[in-house]
Amino acid sequence: MEHDVAKKLIDSLEEVNKTLFKQINIIKAKCSEEEARYYTRELARVSGVIDCNIYSQIIKKYPDLDPLKEAEEKLNAGL
């Protein structure tokens with residue numbers, strides 16, 4: 001995979017993860033407690049697959065695309 005394609009994929013996956021986690025508040029507000037636990041767990045599972053199976057492969061090849069690296073750099077700059 002070329003760097004520009006990997007960057008686009010990382011950016012898209014970041015949006016997918018954000019979208020998934022935004023749904024948790026809606027789920028908690030509109031579902032029973034049992035349903036909310038189930039769907040929250042499953043959303044976390046989907047996100048985990050994205051993180052472990054897709055991000056990890058891209059970041060091995062292109063460490064500069066690690067979304068946590070940018071966040072860490074910003075945090076360290078503020079210290």
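# Salt bridges and cysteines

User: Which residue forms a salt bridge with Arg 37?

Analyst: The closest N and O atoms of the pair are 3.0 Å apart, which falls under the rule that a salt bridge is a side-chain nitrogen of Lys or Arg within 4 Å of a carboxyl oxygen of Asp or Glu. This is a predicted model, in which local features need pLDDT of at least 70 and side-chain atom pairs count only at pLDDT 80 or more, while totals for chains, interfaces and linings use all residues. Residues are numbered from 1 along each chain as its sequence is written, and side-chain values use heavy atoms, with hydrogens and water left out. The partner of Arg 37 in this salt bridge is Glu 33.

User: In which helix do Arg 37 and Glu 33 lie, four residues apart?

Analyst: Helices are DSSP runs (H or I, at least four residues; strands are E, at least two), numbered from the N terminus. Arg 37 and Glu 33 are separated by about one helical turn, and the helix that holds them, covering residues 33-61, is H2.

User: What is the N to O distance in the salt bridge between Lys 7 and Asp 11?

Analyst: Both residues lie in helix H1 (residues 3-30), where they stand four residues apart, about one turn of the helix. Lys 7 is partly exposed at 37% relative accessible area, and Asp 11 is partly exposed at 34%. Their side chains meet with an N to O distance of 2.9 Å.

User: Which residue is linked with Arg 41 and Glu 42 in a network of salt bridges?

Analyst: The side chains of Glu 42 and Arg 41 meet in a salt bridge at 3.8 Å, N to O. Glu 42 is partly exposed, with a relative accessible area of 23%, and Arg 41 is partly exposed as well, with 43%. The network that links these two residues also includes Arg 45.

User: How many salt bridges does the count come to?

Analyst: Side chains of opposite charge can pair when their charged atoms come close. Among the pairs are Lys 7 with Asp 11 and Arg 37 with Glu 33. The count of salt bridges comes to five.

User: How many disulfides does the count come to?

Analyst: A disulfide is a pair of cysteine sulfur atoms within 2.5 Å. Cys 31 is partly exposed, with a relative accessible area of 26%, whereas Cys 52 counts as exposed at 55%. The count of disulfides comes to zero.

Conventions. Buried < 20%, exposed > 50% of the residue type's maximum accessible area, 1.4 Å probe, protein only.
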